[in-house]
Amino acid sequence: MSSGDDELVGALRTAAQTVRSVTSSVAEELRALSAARDAAEAAMAERLAELEQTQGYVAEDASSVSTWARCELRQDARRTRQLIRAAGTMRELSEVGQAARAGRISIDHVARFSFAMAHVDQVEVRRWESHLVAVALLHPPSRVQSLVDRLRAILHAEELDEAWIAGADKAHLTLNALQDGWHVTGFLPIDVGAKLKAVLDAVSVPREAGDRRSASERRIDGLDQLLTRVLAEGLPTDGTVRPQIHVIVDAGTLQQALAPHTESAFEPVEPAVLHGFGHIGPNLLAHLTCGADLIPVLVDHVGPNRTVLDVGRRHRDATAKQRHAVWVQQEGRCDTDHCHHSIDHVHHRQRWSDGGPTDLANLVGLCTACHRHTHRHDTTLARAG
């Protein structure tokens, strides 16, 4: 009998004794049963892997281990493959294997480690194995997955901007009128979806203690109120109201986004987090911060008109008067050749981080699509090499 068998037998014996004991509480019984279940599933994972490796299913007239498990264990193929992958992970990561065999973590925990081994650098996963196991012993699988996602974002930051670009390329929104209402289908880019989620979360909160509407019903009612208010106040057409979103970012990441030409930009830093979505890359961070209200700017101490429209290096963001001036100069149209969309963003021709002043001559009005295109193809944000 192997050590893994000893751990399984021990977990099963403890569960049986706890359930039979007249002094055990329901909570104690549940803890013991949970440990027995997890230890049994770990043992099943290793047995299924062994059955597949030895082709023992052939002797029982099955074409594969998945077919055998479906017939004999009433288990679907997806679960069988998950258990077999878990067995491989338990072999590769010794601490994970020990905890699973002892019933201290579940197979669902092990599945998060399997994901990490497949999608994150395996050397780094082994380096952080002890820490992740310690988290798994105290928290549900979702907590382990969030740490794995964070580790993946740090090690493969380039994939974040690739995902943003891929999402923007397949963005679409369709609104079709039906007999009983409207059918909405589509796919939103990361930044657009985050804005919509922030708005819907704000307008769909329960209004009173006895609010029995479902979350979906509250979102619809909130969206209805929001649209009614917009239509009552007039459609936003002048592009002077800038977006307000939450991006959680440390000083190092912000420095990388605003000054990518410095050597510090090539040092590993943790990616920024877009509230309501997750980790984002440096190009998307620069795109979001370019037109967002980050720091209030005092504009009441202004002198002649020249000072109003030319503020040099004192401010990074265009002032409200400058935004209106850009709108008048371009007659409300995007500056890109052959683009006739309205202005949504005021952009620095020479980047502010590269010494460009916030003066009217260095400011240009762009539509949302052209503004996004400008940042997506800004090669100065790319990592060296």
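Trainee: Is V184 buried or exposed?
Mentor: In this predicted model, local features need pLDDT of at least 70, side-chain atom pairs count only at pLDDT 80 or more, and totals for chains, interfaces and linings use all residues. Residues are numbered from 1 along each chain as its sequence is written, and side-chain values use heavy atoms, leaving out hydrogens and water. Buried means under 20% relative accessible area, exposed over 50%, and partly exposed in between (1.4 Å probe, protein chains only). The relative accessible area of V184 is 53%, so V184 is exposed.

Trainee: In which strand is V184 placed?
Mentor: Strands are DSSP runs of E with at least two residues, helices are runs of H or I with at least four, and both are numbered from the N terminus. The place of V184 is in strand β2.

Trainee: How many bridges join β1 to β2?
Mentor: Two strands pair if DSSP finds at least two bridges between them. β1 and β2 form a hairpin with two residues between them, and A177 stands opposite W182 in β2. The strands run antiparallel, and the number of bridges joining β1 to β2 is seven.
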